[in-house]
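Reader: I am new to this structure and would like a close look at one part of it. Please take one chain and then show how the rest relates to that chain.

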Amino acid sequence: MGAVDKYSILLPTYNERENLPIIVWLIINYLDKTSYDYEIIIIDDGSPDGTQDVAKKLQEIYNKDGKEKILLRPREKKLGLGTAYVHGMKHASGNFIFIMDADLSHHPKFFEDFINKQKEKDYDVVSGSRYISGGGVYGWDLKRKLISRGANYLTQILLRPGASDLTGSFRLYKKDVLQRLVDACVSKGYVFQMEMIVRTRALGYSLGEVPITFVDRVYGESKLGGSEIFQFVKGLLFLFATV
Amino acid sequence: MTKLLEWIGAVVAGLSIWYVLLTNSIKSQFLAEWRESIALAPFVFLILFGVYSVVVVLWRTATFNDCPEAAKELQEQIVEAKNDLKSKGL
């Protein structure tokens with residue numbers, strides 16, 4: 001099986017003109033040192049900042065020798081993350097799908113850890129975790145850490161999800177499993193990632209975890225305000241009552 | 001079964017046992033002697049669990065890994081990437 005595995009990396013973007021070239025550069029530099037077959041699928045939701053022009057330029061630079069390393073599959077306007085995955089998957093030729101943020105908070109150096117972990121027990125999903133030994137976060141103050149730890153603890157008690165990091169979005173899925181999970185999920189935004197992982201367990205899929213470091217947004221603003229916390233609590237209670 | 005129903009089930013089961021022990025439905029010298037403690041047990045449990053939770057969350061907050069080396073590595077790679085991409089015409 002190993003020889004035919006292909007990894008499609010989905011990069012949903014919105015106004016990531018600064019970050020996109022760097023994340024693409026990092027991915028290509030890491031993966032070209034390995035023998036893994038891969039492709040990068042950029043799903044841009046009509047960014048007004050010219051993200052797509054940058055993406056086209058990257059295609060010119062990297063899609064050489066008839067090899068399509070970078071695919072650009074934009075959408076008209078800003079739509080949900082779940083539908084971005086569905087949209088990206090339609091164009092994905094890999095049997096595995098990586099999802100990650102394009103804002104440089106997730107580093108491609110962890111790809112190999114994900115892949116090795118997946119092969120260990122043929123896991124359906126491998127989730128990157130900031131909370132297990134070896135993982136961590138850079139750029140959070142004490143208040144942010146406390147809220148994060150408190151919210152995570154509460155979630156662990158109420159849902160017993162069998163996963164240590166529910167709101168992270170650096171994950172590796174088998175393609176058909178991702179399709180089924182997206183179909184099953186109803187939440188939007190922040191709660192979507194949480195629902196994905198809770199449903200992974202509820203639908204009986206196997207889940208592995210690898211530690212990741214998370215470097216909070218280098219360019220641009222990272223937000224955690226009252227409305228994010230409210231969204232989280234609402235989502236948690238929704239999952240508590242329905243899953 | 002949803003998590004909510006699991007929780008309701010567990011709480012109802014626990015409170016039922018507590019109620020049976022408290023109302024002397026079972027005649028026992030031991031239960032009669034410890035009646036007051038049994039009456040307080042759920043509240044003591046809640047307080048202890050609350051204290052445990054606070055300690056765990058504070059401990060995990062204090063020991064949260066800051067990974068400054070990951071940030072440093074990334075900063076260096078950003079510079080490297082920008083230079084390389086510039087030379088490729090971006």
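What pattern does chain B follow when read along the sequence?

Author: This is a predicted model. Along its sequence, chain B follows the pattern α-α-α-α. That is four helices and zero strands. The radius of gyration of chain B is 28 Å, well over the 12 Å that the globule rule gives for 90 residues, so chain B is more spread out than a compact globule. The box filled by its C-alpha atoms, taken along the principal axes, is roughly 90 × 30 × 15 Å. Buried residues make up 6% of the 90 residues of chain B.

Two stretches of chain B carry a record annotation. An unreviewed UniProt entry places the feature "transmembrane region" at residues 6-26 and 38-59 of chain B. In the model, residues 6-26 of chain B are 81% helix and 0% strand, with 28 Å between the end C-alpha atoms. Residues 38-59 of chain B are 100% helix and 0% strand, and here the end C-alpha atoms are 31 Å apart.

One loop residue of chain B deserves a separate look. B:Cys67 sits in the loop between helix H3 (35-62) and helix H4 (68-87) of chain B. Most residues other than glycine have a negative phi. B:Cys67 is not a glycine, yet its phi is positive, at about 35°. B:Cys67 counts as buried because it has 20 C-beta neighbours inside 10 Å, and the cut-off for buried is 20 or more.

Next comes the contact with the other chain. In chain B, 24 residues are in contact with 26 residues of chain A. On the chain A side, at least two residues each come from helix H1 (19-31), helix H2 (51-62), strand S6 (136-138), helix H5 (142-159), strand S9 (213-215) and helix H8 (226-242). H5(A) gives the largest share of that side, seven residues. By type, the residues of chain A that touch chain B are 16 nonpolar, seven polar and three charged.

A:Arg160 lies in the loop between H5 and S7 of chain A. Its phi is near 40°, a positive value, and A:Arg160 is not a glycine. A:Arg160 counts as exposed because it has 12 C-beta neighbours inside 10 Å, and the cut-off for exposed is 12 or fewer. B:Cys67, by contrast, counts as buried.

The rest concerns the sheet of chain A. Seven strands of chain A form an open sheet with mixed pairing, in the order S3-S2-S1-S4-S7-S5-S8. At the edges are strand S3 (70-72) and strand S8 (207-211) of chain A, each of which pairs on one side only. From one strand to the next, the twist averages 20°.

Two helices of chain A meet this sheet. Helix H4 (residues 111-121) of chain A packs on the sheet and touches strand S4 (96-99), S5, S7 and S8 of chain A, with its direction at about 150° to that of S8(A). Helix H6 (residues 175-184) of chain A lies across S4, S5 and S7 of chain A and runs at about 100° to S7(A).

Strand S5 of chain A shows both senses of pairing. With strand S7 (residues 171-174) of chain A, strand S5 (residues 125-129) of chain A pairs in the antiparallel sense over three bridges. With S8(A), S5(A) runs parallel, joined by five bridges. A:Ser127 can be followed to either side: its bridge partner in S7(A) is A:Arg171, and in S8(A) A:Ser127 stands opposite A:Glu209.

S5(A) is mostly covered, with five of its five residues buried. In a regular strand the side chains alternate between the two faces of the sheet. In S5(A), A:Val125, A:Ser127 and A:Ser129 point one way, while A:Val126 and A:Gly128 point the other way.

Elsewhere in the sheet order, S1 and S2 of chain A stand side by side. Strand S1 (residues 6-13) of chain A and S2(A) run parallel and are joined by eight bridges. Across this pair, A:Pro12 stands opposite A:Ile43 in S2(A). Strand S2 (residues 37-44) of chain A is also mostly covered: six of its eight residues are buried.

Note on methods:
Residues are numbered from 1 along each chain as its sequence is written. Chains are lettered from A and ligands numbered from 1 in the order in which they are written. This is a predicted model: local features need pLDDT of at least 70, side-chain atom pairs count only at pLDDT 80 or more; totals for chains, interfaces and linings use all residues. The radius of gyration is taken over C-alpha atoms; the globule rule is 2.2 Å times the number of residues to the power 0.38. Two residues are in contact if their C-beta atoms, placed from the backbone, lie within 7 Å. Ala, Val, Leu, Ile, Met, Phe, Trp, Tyr, Cys and Pro count as nonpolar, Asp, Glu, Lys and Arg as charged, and the others, Gly among them, as polar. Two strands pair if DSSP finds at least two bridges between them. Axes are lines fitted to C-alpha atoms, for helices over the stretch in contact, and angles run from 0 to 180 degrees between N-to-C directions. UniProt positions are given in the numbering used here, feature names are shortened, and annotations may be inferred rather than shown by experiment.
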